[in-house]
Amino acid sequence: MKIAILNTLYYPYRIGGAEVSVQLLAEAMADQGHEVSVISLHDAPDSRVDQLHGVTLYRLPLRNLYWPFTGSPARPLRLLWHLLDIYNPLARLDVSRLLRQIQPDLLHTNNLAGFSVAVWDAAHALGIPVVHTTRDYYLIHPNCTLYDGNRNQDPGSLSCRLFSLIKKWRSRRVQQYVAISNHVRALHLRLGYFRAAPAKVIYNSVAQPLPSSRSFPANGGLTLGYLGRIEPAKGVETALQVCRRLGPGYRLCLAGRGDSAYVARLQSTYAGLDLAWLGHVSPDEFFPDIDILLVPSQWAEPLGRVVLEANAHGVPVVASDAGGIPEIISAGETGYACPAGDINAFVTAAQRLAATDRQQLREQCLAWATQFSGDRITARYIDVYQTLHTDQTEPLSPTQTIT
């Protein structure tokens, strides 16, 4: 099968979990013998073609006012950027030309910022069926997070309705809709997206590394971990307060980068705790050195890839119950989901895990993570592709879920 996968960014660009998920999917498809092309953006003025791990990469220039992934321009310029990104005719023209060249059996779109929903019309005009996976909230609000820096936004607010009007209308061009969590699917369907498309849930895949053999110390002391952006939306201060409340015997390793002034303030405020500020560290380096991962997100994460990565390394989690995160936690076996910002609940959950046999937790986490292996998730997408490619006369139920 000839598959074209479109995502805003692709390796080596990595802003969040979507780039990792799309790369894992593309390479797994190629490993199974499919002809896979990836269409993405880069910060150069011309197009470029590369080959990576069996995948053909088409990198297109961004047809907008500035490259949005470095720096923060003035607010009026940002507003103009987002207005153009509602429906970008130049991006449609670029993608249309490329699709004519590739001639895929289908187009699988993912994150659309920088391309816009205009790419759905490009495929439709060429008779190419579209599968779309929602990995964020881009279709609802241009900030993609539904979080304004202090609180979760109302998806029914005036700004969301205005920015999403055309996107919602053009979603009728999608023949198969996939969400990365039940939370994401339910939200988009409730708001009126993808009315003509069957809707499924396929969780993200995660690599299955060799787990560490680390065990809980006999005296109850633990190394907690935090992996992600050092910013308020990720709840990093909740993690720090949990460490403070747990007291002596508990250490917290923080891996990630953030605004330098904000990081400096946190380091000063929590200077008395046993902390390790690691900066950027890969998951394979990070997880073998911790016992419990804290995922205290304040915003409703669409899924929470870091939870899956922790479990795949045999590490249990204590995480916020916001967004899609609770769906990928087996309560008491692979961790706990707690109300966002509830320090008492996080402390209690961490203490429960501390009192549980480490080897038992490790085995439970590893067993749970296998359902998110690349082979299993790829097989579910192949089923979607084949259904779309070979039989569109008997559509699936709009509420069918793959888990």
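A disulfide is a pair of cysteine sulfur atoms within 2.5 Å. With that cut-off in hand, welcome to this predicted model, where the count comes to zero disulfides.

**Cysteines**

- The closest cysteine sulfur to that of Cys144 belongs to Cys160 and is 11 Å away, which is too far for a bond.
- Cys144 counts as buried because its relative accessibility is 15%, and the cut-off for buried is under 20%.
- Cys160 also counts as buried, at 0% relative accessibility.

**Helices H2 and H5**

- Two packed helices are described by the angle between their axes and the distance between the axes.
- For helix H2 (residues 75-86) and helix H5 (residues 158-170), the axes come within 9 Å and cross at roughly 25 degrees.
- Angles under 35 degrees count as roughly parallel, so H2 and H5 are roughly parallel to each other.
- The crossing of these two helices, H2 and H5, is left-handed.
- On the H2 side the contact is made by Leu79, His82, Leu83 and Ile86, and on the H5 side by Phe163, Ile166 and Lys167.
- Sorted by class, the contact of H2 with H5 has five nonpolar residues, one polar and one charged.
- An α-helix has 3.6 residues a turn, so residues three or four places apart point the same way.

- Helix H7 spans residues 236-246, and its buried residues are Val236, Thr238, Ala239, Leu240, Val242, Cys243 and Leu246.
- What covers those buried residues of H7 includes strands S9 (222-227), S10 (250-255), S11 (275-279) and S12, together with helices H8 (260-269) and H11 (343-354).
- H7 packs with H8 at an angle of about 10 degrees, and their axes are 12 Å apart.
- H7 and H8 are therefore roughly parallel to each other.
- In this pairing, Val236, Glu237, Leu240 and Arg244 of H7 meet Tyr262, Arg265, Leu266 and Thr269 of H8.
- By class, the contact of H7 with H8 has four nonpolar, one polar and three charged residues.
- Just after H7 comes Gly247, with a positive phi of about 80 degrees.

**Leu293 in strand S12**

- Leu293 lies in strand S12 (residues 292-295), and S12 is among the elements that cover the buried residues of H7.
- Leu293 is itself buried, because its relative accessible area is 0%.
- Leaving aside neighbours within four places in sequence, Leu293 is in contact with Gly225, Tyr226, Leu227, Phe286, Phe287, Val306, Ala310, Val315, Pro316, Val317 and Val318.
- One of these partners, Val315, is 22 residues from Leu293 in sequence, while their C-alpha atoms are 6.9 Å apart in space.

**Ser373 between two helices**

- You will find Ser373 in the loop between helix H12 (358-369) and helix H13 (374-390).
- Ser373 counts as buried because its relative accessibility is 14%.
- Beyond neighbours within four places in sequence, Ser373 is in contact with Ser205, Val206 and Gln208.

**Backbone details**

- Most residues other than glycine have a negative phi, and most peptide bonds are trans.
- The peptide bond from Tyr11 to Pro12 is cis, with omega near 10 degrees.
- Pro12 sits in the loop between strand S1 (2-6) and helix H1 (17-31).
- Gln103 is not a glycine, yet has a positive phi of about 55 degrees.
- The loop that holds Gln103 lies between helix H3 (89-102) and strand S5 (106-109).
- Gln103 counts as exposed because its relative accessibility is 56%, and exposed means over 50%.
- Leu146, another residue other than glycine, has a positive phi near 55 degrees.
- The place of Leu146 is in the loop between strand S6 (130-134) and H5.
- Leu146 is buried, with a relative accessible area of 7%, whereas Gln103 is exposed.

Note on methods:
Residues are numbered from 1 along each chain as its sequence is written. This is a predicted model: local features need pLDDT of at least 70, side-chain atom pairs count only at pLDDT 80 or more; totals for chains, interfaces and linings use all residues. Side-chain values use heavy atoms; hydrogens and water are left out. Helices (H or I, at least four residues) and strands (E, at least two) are DSSP runs, numbered from the N terminus. Buried means under 20% relative accessible area, exposed over 50%, partly exposed in between (1.4 Å probe, protein chains only). Contact means heavy atoms within 4.5 Å. Axes are lines fitted to C-alpha atoms, for helices over the stretch in contact, and angles run from 0 to 180 degrees between N-to-C directions. Angles under 35 degrees count as roughly parallel, over 145 as roughly antiparallel, 65 to 115 as roughly perpendicular and the rest as oblique. A crossing is left-handed if the near helix is turned anticlockwise from the far one by less than a right angle, and right-handed if clockwise. Ala, Val, Leu, Ile, Met, Phe, Trp, Tyr, Cys and Pro count as nonpolar, Asp, Glu, Lys and Arg as charged, and the others, Gly among them, as polar.
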